[in-house]
Amino acid sequence: MCRWVAYRGKRRYLEDLIASPAHSLINQSQCANEAKAITNGDGFGLAWYGERDEPGHYRDILPAWSDDNLTSLSRQIGSKLFLAHVRASTAGRTTRDNCHPFVSGRWSFMHNGQLGDFETLERQLEARLNDRLYSERKGATDSELLFLLALEFGLDQAPKMAMEMALGTVLGEAEKLGLEPLIRFTAAFSDGEALYCIRYATDRWAPTLYSGPLGQSTSDSAEPDGLKQSYCLVSEPFDQEICTWSEIPSGSFVTINDQGLSIVPFVPLVNVHAIAV
């Protein structure tokens, strides 16, 4: 299982969350506490939002703990919204195209978990994509394909419903093939405005997900921008007491925007048609 961090709030340097805490994301890449795989060394990636609509994007196949470029970038890049991910491969080889986050236009997406029988389902799921989105697929992971399915089903118009339809499509195709559906899924994704997260599983083993409000960055003064609160969502908490962590229940859809954090139920939609776009 992978580890990730997603942040929205006052501008802060990426190193505050991915490098500085005692149990930072980089530390978790070597020694995770709440994952099946203790080591998450199959690459890493960043997506961050600045002055442009589309996110900055950096990925590599080196372990996060051994890449000096990651350390340097995280010290210099400040952002109000970013995603960071360290990978333990369950589907797809260790290549840059298989590293998270994935980006399409203004959207970024990262995932921790697995789809059961993905090799059998892959062809049927790819067939749901239009030609443009199919051509965007560069890697071989279940994560990237889920992201593209959500775009196909109207992520721009209705993020929650699009994700419910994407996972519902997986469940529906599994049932058609006589397979026992298995999804274990936590994901974070953003359009540069709101940050969305999901925790869901078809069994009781949903990958871990925690949220917490953060105070002002110790490395950067926060400008007055109207944001009421800064929030961080993580696969597992940092040791450092920079936050009061709360576990997100399984079957939840999280939205973080200027109004704060909200959590509503998340249930995949099976056998429905795509939103008209």
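Helix H4 passes helix H7 in a right-handed crossing (the near helix is turned clockwise from the far one by less than a right angle). The model is a predicted one, where local features need pLDDT of at least 70, side-chain atom pairs count only at pLDDT 80 or more, and totals for chains, interfaces and linings use all residues. Residues are numbered from 1 along each chain as its sequence is written, and side-chain values use heavy atoms, with hydrogens and water left out.

H4 spans residues 118-126 and H7 residues 159-176; their axes lie 10 Å apart, at an angle of about 115 degrees. Helices (H or I, at least four residues) and strands (E, at least two) are DSSP runs, numbered from the N terminus. Axes are lines fitted to C-alpha atoms, for helices over the stretch in contact, with angles running from 0 to 180 degrees between N-to-C directions. On the H4 side, the contact (heavy atoms within 4.5 Å) is made by Leu121, Gln124 and Leu125, and these meet Thr169, Val170, Glu173 and Ala174 of H7.

Then there's the sheet: it is open, with six antiparallel strands in the order E5-E6-E7-E8-E12-E13. Strands count as paired if DSSP finds at least two bridges between them. At the edges sit E5 (102-104) and E13 (260-265), each pairing on one side only. From one strand to the next, the twist averages 15 degrees.

Inside this sheet, E8 (residues 195-201) and E12 (residues 252-257) pair over five bridges, and Cys197 stands opposite Val254 in E12. Helix H6 (residues 142-152) packs on the sheet, touching E5, E6 (107-115) and E7 (183-190), and its direction makes about 125 degrees with that of E6.
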